[in-house]
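Visitor: I have a fold here that I would like to walk through with you. Could you show it to me?

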Amino acid sequence: MILFEMKHIKKSFGALDVLRDISLEVDKGEVLSIIGPSGSGKSTLLRCATGLETPDAGEIVKNGEVGLVFQNFNLFPHFSVLKNIIDAPMRVQKRKKEEVLVQARELLKKMGLEGKEDAYPYQLSGGQQQRVSIARALCMNPDILFFDEPTSALDPELTGEILKVIKALAAEHITMVIVTHEMTFARDISDRIIFMDDGVIAVEGTPEQVFASEHARMKEFLGKFHQG
């Protein structure tokens, strides 16, 4: 079942064509990683997919709710951890507080953040803040979860803990689209990988197909993986 589809999406900022005729689809339970050099259009694609940007042309078809985990956490600094998680489900989805609290506490336990519900974002490490933002996204019960470079704002030693969380979600067959610069992670976790270059999908396929591609830009980008 196709949960999400982009058809011939175009997006420009002034004279700069950032997305040039992008078409893709995501199946239920699939993990799709989007890789590529800076400026290739990855984040703009994600922003269009999640409604933060409006495409200039093309069509987006969503068969379910969409969630987004930002690279810079985007937690409310004046809200506790628990309030950050329960606010949107209660306010936007009009769900009962008791039900949302049960789910939020289960998610905090799953994220290894038991005992942190009354803490404020400034009291947490970057890795803990990102885990709160993942719990917040999951508490909205999305059908598909988008990640915008979820480890880019973290120190290297904190990156591993977030990748571990995302791998656990993949094991639960949660549908995910991940923009990432962590190549080994993308190769290990993905059902399919898209390599973007200059606003187009230059290479698409299984991790094996993409990492073995003879496409010139792809080989250049993945140079270290082709050395021996």
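Predicted model: local features only at pLDDT ≥ 70, side-chain atom pairs only at ≥ 80, totals over all residues.

Visitor: What is the strand order in the open sheet of 6 strands?

Guide: Strands here are DSSP runs of E with at least two residues, helices are runs of H or I with at least four residues, and both are numbered from the N terminus. Two strands pair if DSSP finds at least two bridges between them. The edges, each pairing on one side only, are strand 5 (66-69) and strand 9 (200-205). With mixed pairing, the order is 5-6-7-3-8-9.

Visitor: Which residue is the bridge partner of Ile 34 in strand 7?

Guide: Strand 3 (residues 31-35) and strand 7 (residues 175-179) run parallel and share 4 bridges. Within strand 7, Ile 34 has as its partner Val 179.

Visitor: What angle does helix 1 make with strand 6?

Guide: Axes are lines fitted to C-alpha atoms, for helices over the stretch in contact, and angles run from 0 to 180 degrees between N-to-C directions. Contact itself means heavy atoms within 4.5 Å. Helix 1 (residues 42-49) packs on the sheet and touches strands including strand 3, strand 5 and strand 6 (144-148). Its direction and that of strand 6 make an angle of about 145 degrees.

Visitor: And at what angle does helix 5 run to strand 7?

Guide: Helix 5 covers residues 156-171 and lies across strand 3, strand 6 and strand 7. To strand 7 it runs at about 150 degrees.

Visitor: Which residue of strand 4 stands opposite Lys 10?

Guide: Here we turn to an open sheet of 3 strands, ordered 2-1-4 with antiparallel pairing. Its edge strands are strand 2 (16-27) and strand 4 (57-62). Strand 1 (residues 2-13) is joined to strand 4 by 5 bridges. Opposite Lys 10 stands Ala 57.

Visitor: At what angle does helix 1 run to strand 1?

Guide: Helix 1 lies across strand 1, strand 2 and strand 4. Relative to strand 1, helix 1 runs at about 120 degrees.

Visitor: Which residue in the turn between strand 8 and strand 9 has a positive phi?

Guide: Strand 8 and strand 9 run antiparallel, joined by 5 bridges. They form a hairpin with 2 residues between them. The phi of about 55 degrees belongs to Asp 198.

Visitor: Which side chain does Asp 198 meet in a salt bridge?

Guide: Side chains of opposite charge can pair when their charged atoms come close. A salt bridge here is a side-chain nitrogen of Lys or Arg within 4 Å of a carboxyl oxygen of Asp or Glu. The partner of Asp 198 lies in strand 2, 178 residues apart from it. At 3.1 Å from N to O, that partner is Arg 20.

Visitor: Are Arg 192 and Glu 30 buried or exposed?

Guide: Their side chains meet in a salt bridge at 2.7 Å, N to O. Arg 192 is in strand 8 and Glu 30 in the loop between strand 2 and strand 3. On the scale used, buried means under 20% relative accessible area, exposed over 50%, and partly exposed in between (1.4 Å probe, protein chains only). Arg 192 and Glu 30 are buried.

Visitor: Why does Thr 44 count as buried?

Guide: Thr 44 is found in helix 1. Not counting residues up to four places away in sequence, Thr 44 touches Lys 11, Phe 13, Val 18 and Leu 19. Thr 44 counts as buried because its relative accessible area is 13%.

Visitor: Which residues join Arg 47 in one network of salt bridges?

Guide: Arg 47 and Glu 53 meet through their side chains at 3.5 Å, N to O. Salt bridges that share partners join Arg 47 into one network with Lys 11, Glu 53 and Asp 56.

Notes
Residues numbered from 1 in each chain as written. Heavy atoms only, no water.
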